[in-house]
Amino acid sequence: MEFLKDLIINIGQWFVALLADAGLPDIWVQVITLGVGAFTLALVPLATPFLLILYERKVVARIADRLGLNNSAYGGPYGLLQVPDDAIKMFTKEDSVPATADRWVFNSAPVVCVTVAVLIWGVIPLGPGVIGSDLSIGIFYILSLGAGSVVAVLMAGWGSNNEYSLAAALCGVATLISREIPLVLSVMAVVMVVGSFSMPDIIAAQDQYAWFLFAMPWTALIFLASILSEPGRRPFETVKADSEVVAGYFTAYSKFGMFYLAEFMNQLAMSILFATLFLGGWRGPFVEQIPILGTVLWLAIKTLFVMSVIQLLHYSLPRLRTDQILAVTWKFLTPLALVNICVLALAGKTLPPNAGPWTRTLAFLAANIGMTLVVLPILAARDRAARRRQEQIRRAAQPSSRKHK
Amino acid sequence: MTLQQILFLIFSAITLIAALMVVTRRNLCHAALFMVLSFFGVAGLYVLLEAPFLAGVQVFIYVGGISTLIIFAIVLTRDVVDPTLPPHNRQWIAGALVMALLCSVLIWTVLGYQWTTTTPGQVPADSIARLGTILVDPEGFLLPFEVTSVLLFAVLIGAITIARER
Amino acid sequence: MLNQFAFIGFLLIVALILGAATPILARLVRPQKAIPRKLEMDECDMRTHGETWVEFKAQYYTLVIVFLLFDVAAVFLLPWALAYNTLELYTAIEVIAFILMLLGGLVYLWRKGALEWL
């Protein structure tokens, strides 16, 4: 049982010892360890969708009040084999590149998309000490990678060389870059309190303070709203708006499996990111005694919870138009995030310098409640004004229609 | 050669070859994508210089912002993929002269400089936090920092005024 | 520090290989029966008409400019956010002045109707 306590780290150390015993020089031991480590880590996001896509299908079936995958011809018991079936079908399907497409750009776009989605996993902490690489710029690294997915979307839209894809790519990029500002600003609020970009430090800080979801709920809300558009989740879903721009920027791809995979990997990564930044990551009871619990129990539960919330939003809300999404991000989320930074900065510094973490947590919470008291009336007033305008328009329209009768 | 030198050569090669492709490609979208690759190469160089924050900023601003801006500008122009268009306009002689001058000045400076060969000092672990401290320090860069916000404000207004005037 | 980035480098290589290998391997097993009509660009049998490179609206361009400005501003604020715990109250007020300037710009855009994209 001693071995199980720290399973993943023990396996890693066992592997390094094995290589060293084989008489390899130090540099090769390092290179092989890094290579195998990177390969194993890359397999995690590539393999987990096989289980989680099934989970998502069950969730959407419950939301739509139907059974979902249970007994299709090749699906196997409980539909367990459906996702592997789909993968095999995707793999063997004919792949026709449109004659007008720009072949190099067209074919490399999905590769870039998947690469960016895998790279995010390099800094996500999966358990105590289980992290690809604890970069000093951890969370900023993830924010910068957002640029890569913008490039991938543009490449796909551009390489397809037709107006459906290009128009959809432009809409998609417009939403992707608009949500980037509130995303950075909400992460900035977390960095302010923690004092570090490093992901393990962010988790450790939540042990001192409360979970950041409770310390700064507005920040969590802004963050959640801004992570929705990258994996194409409603209500911020113009990246691939099925009914308007067909399949979005990958309309021309006869095989969109790679984009689908990257999208799912992003959704998973963003869920883990939310769990790490705002729900304490792998922290939980008994983690000190049995570290593996942090990965397989606490992080898994928190991630599934966040993912279910995202899926619940996706399958129950209508999609906003592109201009509506831009209105939400620029007229609501961005100013709110800026004000949020100001309020938190003031709340943290007006306390005496020797105030403990709990006093500071309460101060942040109080600042958030204060923000709610200001923001909600403003929203309500704007809502009333909009309703009144619509009412006036309807009244102005009615008498004229009677005249025609 | 140490590993760092090999990596330096690889990243420089990526940056330079990609930069060369930017100016020689007829197809503007290919040129823009090579520019993105070139930016990534520069980010790799920053990582080698132990300046990870700068590398992040390079990707964040240049790939995320500037490239997107340029790609959108290309999308908004006509005839971007027409291979019959000449790749340069009438001012190419003047441009070549200026570039030759700049290039010779750079080479002259690089060759004439007394390069120190001592090993570089250790980069402090809290270098980014120090940057943050000195940015808002009245003794440090507070005035430029605040002027930056005014500058950004002015650019914001200017950009909108120019874009709307039609 | 370079050791930490070495892992990212390896991850990048592995991701590129995995991403590129899948389509190449798939090419070996999949049928290849291209006919001209299949290679034409269409969606639900609606052929595209006209050129791809129609001019798009200039608002997209202003959107990216505004995004770029806020991006730069965010990068200026990030080091401050990192050092926030060790700083005094007056630095918070300086940064609030910085942010108020940005908010002023945003309000200006809003009043001018420049936030009505598309």
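User: How many residues of chain A are in contact with chain C, and how many of chain C with chain A?

Analyst: In this predicted model, 66 residues of chain A are in contact with 56 residues of chain C. Each such contact rests on a pair of C-beta atoms, placed from the backbone, that lie within 7 Å.

User: Which elements make up the side of chain A that touches chain C, and what is the largest share?

Analyst: Two or more residues each are given by α3 (26–47), α5 (82–92), α6 (103–119), α8 (163–194) and α14 (322–350) of chain A. The largest share belongs to α14(A), with 14 residues.

User: How many residues of chain B and of chain C are in contact, and which element of chain B gives the most?

Analyst: Chain B brings 39 residues into contact with 39 residues of chain C. On the chain B side, α3, α5 and α6 of chain B give two or more residues each, and α6(B) gives the most, with 15 residues. The classes on this side are 28 nonpolar, seven polar and four charged.

User: Which residues of helix α5 of chain B are buried, and what makes a residue buried?

Analyst: A residue is buried if 20 or more other C-beta atoms lie within 10 Å of its own C-beta atom. In α5 (residues 127–135) of chain B, B:Ile128, B:Ala129, B:Gly132 and B:Leu135 are buried, and therefore reach that count.

User: Why are the buried residues of α5(B) said to line one face of the helix?

Analyst: Viewed down the axis of α5(B), the buried residues fall within an arc of 125°, so they line one face of the helix. The buried residues of α5(B) pack against α3 (52–75) and α6 (142–164) of chain B, together with α3 (59–83) of chain C.

User: What is the handedness of the crossing of α11(A) and α14(A), and which residues meet there?

Analyst: The crossing is left-handed. Helix α11 (residues 217–227) of chain A and α14(A) pack at an angle of about 150°, with their axes 10 Å apart. On the α11(A) side, A:Trp218, A:Thr219, A:Ile222, A:Ala225 and A:Ser226 meet A:Leu333, A:Leu336, A:Ala337 and A:Asn340 of α14(A). By class, this contact has six nonpolar, three polar and no charged residues.

User: Is the crossing of α2(A) and α3(A) left-handed or right-handed, and at what angle do the axes cross?

Analyst: α2(A) passes α3(A) in a right-handed crossing. The axes of α2 (residues 7–21) of chain A and α3(A) come within 10 Å and cross at roughly 145°. Here A:Phe15, A:Val16, A:Leu19 and A:Ala20 meet A:Val29, A:Ile32, A:Thr33 and A:Val36, a contact of seven nonpolar, one polar and no charged residues.

Note on methods
Residues are numbered from 1 along each chain as its sequence is written. Chains are lettered from A and ligands numbered from 1 in the order in which they are written. This is a predicted model: local features need pLDDT of at least 70, side-chain atom pairs count only at pLDDT 80 or more; totals for chains, interfaces and linings use all residues. A residue is buried if 20 or more other C-beta atoms lie within 10 Å of its own, exposed if 12 or fewer, and partly exposed in between; C-beta atoms are placed from the backbone. Helices (H or I, at least four residues) and strands (E, at least two) are DSSP runs, numbered from the N terminus. The arc is that of the directions from the helix axis to the C-beta atoms. Two residues are in contact if their C-beta atoms, placed from the backbone, lie within 7 Å. Ala, Val, Leu, Ile, Met, Phe, Trp, Tyr, Cys and Pro count as nonpolar, Asp, Glu, Lys and Arg as charged, and the others, Gly among them, as polar. Axes are lines fitted to C-alpha atoms, for helices over the stretch in contact, and angles run from 0 to 180 degrees between N-to-C directions. A crossing is left-handed if the near helix is turned anticlockwise from the far one by less than a right angle, and right-handed if clockwise.
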